[in-house]
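Hi everyone, thanks for coming. Have a look at the structure on the screen, and then I'll talk you through two parts of it.

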Amino acid sequence: MTIFTKIINGEIPCYKIYEDELVFAFLDINPINPGHTLIIPKIEVDKIYDLDEKYYQAIFKAAQKISKAIQSATNCPRVCTWTEGFEVPHAHYHVCPFYHESGEFWSKRGSPISQEEMISIQARIIEKLI
Ligand code: AMP
C-alpha cells in the first residue's frame with residue numbers, strides 16, 4: 001500500500017483540502033510555498049498518464065477548483081500545476097502558489113513550515129472552496 005493510500009484511508013495524518021468520489025487533495029508536507037497541495041486519485045497507479053480517463057479528468061476538474069481557491073486564499077499572482085512522481089509511486093498532481101514569474105520553479109525545493117501555518121493556510125483554502 002502506498003503512503004498516499006494510507007493518507008486517503010486516514011492511517012497517516014494530513015492537512016486535507018478536498019475530497020470527492022474519485023480524488024483526494026491535501027497539503028504537501030514540504031511546500032515550495034504555503035498552500036502547495038497534492039491531488040491524488042483514489043486508486044494506486046504510479047504514473048499519472050496511466051490513469052483511467054475518469055480519474056485523470058477528475059484530477060484536472062479538482063485542480064481547477066483548488067487553483068482558484070489557492071489564488072484567492074494567498075493573493076499570489078499565479079498558481080502553477082505539474083506532475084513529477086520521483087518520490088511516491090502513487091500519481092499526484094502538484095498545485096502551488098508562486099510569487100515570481102521565473103526562476104523560482106526549478107531552483108527552489110520545498111521545506112516544512114510550522115503546524116500553525118499549515119493549519120492556517122488549510123483553513124483559508126477550504127474557505128475559498130466553498
Ligand atoms: P514527487 O513524487 O517528486 O512529485 O514528490 C512527492 C511529493 O510528496 C513531495 O513534494 C513531498 O513533499 C510530498 N509528500 C511525501 N510524503 C508526504 C506526506 N506524508 N504528506 C504530504 N506530502 C507528502
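Let's start with a word we'll need: buried means under 20% relative accessible area, exposed means over 50%, and partly exposed is in between, using a 1.4 Å probe and protein chains only. This is a predicted model, so local features need pLDDT of at least 70 and side-chain atom pairs count only at pLDDT 80 or more, while totals for chains, interfaces and linings use all residues. Residues are numbered from 1 along each chain as its sequence is written, and side-chain values use heavy atoms, leaving out hydrogens and water.

Okay, cysteines. Cys76 has 3% relative accessibility, so it counts as buried. Cys14, at 27%, counts as partly exposed.

Now, helices (DSSP runs of H or I, at least four residues, numbered from the N terminus). Lys65, Ile66, Ala69, Ile70, Ser72, Ala73 and Thr74 in H2 meet Ile121, Arg124, Ile125, Lys128 and Leu129 in H4, with contact meaning heavy atoms within 4.5 Å. Sorting the residues of that contact gives seven nonpolar, two polar and three charged. Here nonpolar is Ala, Val, Leu, Ile, Met, Phe, Trp, Tyr, Cys and Pro, charged is Asp, Glu, Lys and Arg, and polar is the others, Gly among them.

Conventions: Helix = DSSP H or I, 4+ residues; strand = E, 2+ residues; numbered from the N terminus.
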